[in-house]
Amino acid sequence: MSVHAALDAPSPAPLRWRDGKRYAWLLLLAVPLLVAAGPLVWLQIGEAWTLWLPALLLYGLVPLIDAWLGPDRSNPPEWAVPQLEADPYYRRITWALVPLLWAAFVFEAWFVARHALPWHGWVAMVLIGGTIGGFCINLGHELGHKTTRLERWLARLVLAPTGYGHFSIEHNRGHHRDVATPEDPASSRMGESIWRFVWREMPGAARRAWALEADRLRRNGYPAWSWRNEILQTGLLTLTLWVALVAWLGWGVLPFIVAMSAWANFQLTSANYIEHYGLLRLRGPDGRYERPAPRHSWNSNHVFSNWALFHLQRHSDHHAHPGRRYQSLRHFESAPQLPSGYFGMFVLAYIPWLWFRVMDPRLLAAVGHDPQRINFDPSRREALMQRYGLAA
């Protein structure tokens with residue numbers, strides 16, 4: 001072939017990478033159907049225990065599936081990330097989930113208000129409805145990090161049913177800045193149980209979100225109590241939904257909505273508790289903390305739960321690149337690893353003595369037994385230093 005012929009030859013087609021999980025993500029649109037599984041079986045056979053089936057699936061069967069399938073450490077090649085990020089298929093799945101999750105929330109309220117359930121059936125519906133609300137918050141987390149006006153509004157919309165509209169502000173502007181430091185109410189400390197953490201995390205997150213939003217408005221010349229306040233905007237959506245449900249279904253539905261929303265918001269607390277437990281960023285001579293690194297987040301690559309949570313469990317990459325979309329998040333070999341996916345770890349966290357027994361040795365191994373890299377519960381620091389033979 002002549003030189004001119006070689007120059008005139010068509011260039012090879014650009015490389016394309018095939019995402020093995022591409023069509024699995026589409027199945028996430030079926031997640032809201034969990035809310036109807038128990039009620040549909042109950043309507044067929046009339047046994048209230050069947051209302052517990054979805055909760056048993058999530059908190060019992062999913063950890064077993066995770067253990068059976070094992071971790072998935074595969075990563076997309078870096079050259080393929082721009083392709084993945086630009087593909088509208090992935091973002092359309094998240095957009096489509098917003099109305100489906102709203103429908104699931106409304107279905108829960110309708111079912112409980114219109115059917116006479118025993119107390120334990122009511123509790124089962126609170127748990128599964130709260131779990132669906134937790135999926136709302138997780139989806140709001142994915143959407144809230146994006147820069148498009150549409151996705152930011154969809155994030156507020158999906159956070160509204162459970163009344164957690166301050167989350168995007170607190171998480172994006174507060175948690176990502178202060179993560180793995182004593183200043184962060186959303187980072188749990190070694191020796192701190194989840195039942196103590198919740199009383200620090202929930203009010204601390206709400207206060208920080210309001211302070212951050214008020215400061216943003218003040219810098220732009222507006223008062224905190226303004227229609228431009230994004231917390232108030234989402235709060236108005238929450239109020240509108242709850243008032244409409246009470247007007248439709250009666251006052252008796254309100255305690256259920258409140259209980260379901262509280263459990264949903266506690267699912268976020270549960271995630272925050274396990275994601276950075278005991279990990280600490282070092283402070284430099286200038287008083288500033290080091291940049292967040294993979295070692296400052298607990299990760300899990302267990303296939304099923306990672307799929308169900310939009311790769312939230314690849315948490316280190318999320319903190320390194322907050323704007324990166326779920327399909328592109330990577331596994332880091334150097335990141336601390338959880339022994340199970342989030343659903344299994346939630347159950348473990350609810351039993352503090354078992355959590356400490358499993359996680360404290362893992363924490364010590366992750367930080368090389370260096371107490372300077374441990375975020376201690378101040379009230380238990382000395383006791384933990386002595387128990388594990390750590391040098392001051």
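## Aromatic pairs and a nonpolar patch

Phe 304 counts as partly exposed, at 28% relative accessibility. The model described here is predicted. Trp 307, by contrast, is buried, with a relative accessible area of 18%, which is under the 20% cut-off for a buried residue. Phe 304 and Trp 307 are 3 residues apart in helix α13, so about one helical turn separates them.

A search of the whole structure finds 25 aromatic pairs. Two of them are set out below.

| Pair | Distance between ring centres | Angle between planes | Kind |
|---|---|---|---|
| Tyr 277 and Trp 355 | 5.4 Å | 85° | edge-to-face |
| Phe 304 and Trp 307 | 5.2 Å | 55° | tilted |

Tyr 277 and Trp 355 link distant parts of the chain, being 78 residues apart. Tyr 277 lies in the loop between α12 (254-275) and α13 (303-308), while Trp 355 belongs to helix α16 (residues 352-366). Both Tyr 277 and Trp 355 are buried.

One aromatic cluster is formed by Tyr 23, Trp 25, Tyr 89, Tyr 90, Phe 310 and Tyr 326. Over the ring of Tyr 89 sits the charged end of Arg 22, 4.2 Å from the ring's centre. Arg 380 lies over the face of Phe 356, at 5.5 Å from the ring centre.

Val 41, Ile 45, Trp 49, Leu 53 and Leu 56 make a nonpolar surface patch of about 470 Å². Helices α3 (34-45) and α4 (53-69) each supply at least two of the patch residues. Val 41, in helix α3, is partly exposed, with a relative accessible area of 31%.

Helix α10 (residues 194-219) has 26 residues and should span 38 Å at 1.5 Å a residue; its end C-alpha atoms are 36 Å apart, which agrees. Gly 221, which follows α10, has a positive phi near 85°.

Notes: Residues numbered from 1 in each chain as written. Predicted model: local features only at pLDDT ≥ 70, side-chain atom pairs only at ≥ 80, totals over all residues. Heavy atoms only, no water. Patch = residues over 30% accessible without salt bridge, like charges linked within 9 Å, V, L, I, M, F, W, Y side chains within 5 Å. Areas by Shrake-Rupley, 256 points an atom, 1.4 Å probe, with all protein chains shown as cover. Salt bridge = Lys/Arg side-chain N within 4 Å of Asp/Glu carboxyl O. Helix = DSSP H or I, 4+ residues; strand = E, 2+ residues; numbered from the N terminus. Buried < 20%, exposed > 50% of the residue type's maximum accessible area, 1.4 Å probe, protein only. Expected span 1.5 Å × (residues − 1). Phe/Tyr/Trp six-rings, centres within 6.5 Å; stacked < 30°, edge-to-face > 60°. Lys NZ or Arg CZ within 6 Å of the ring centre and 35° of its normal.
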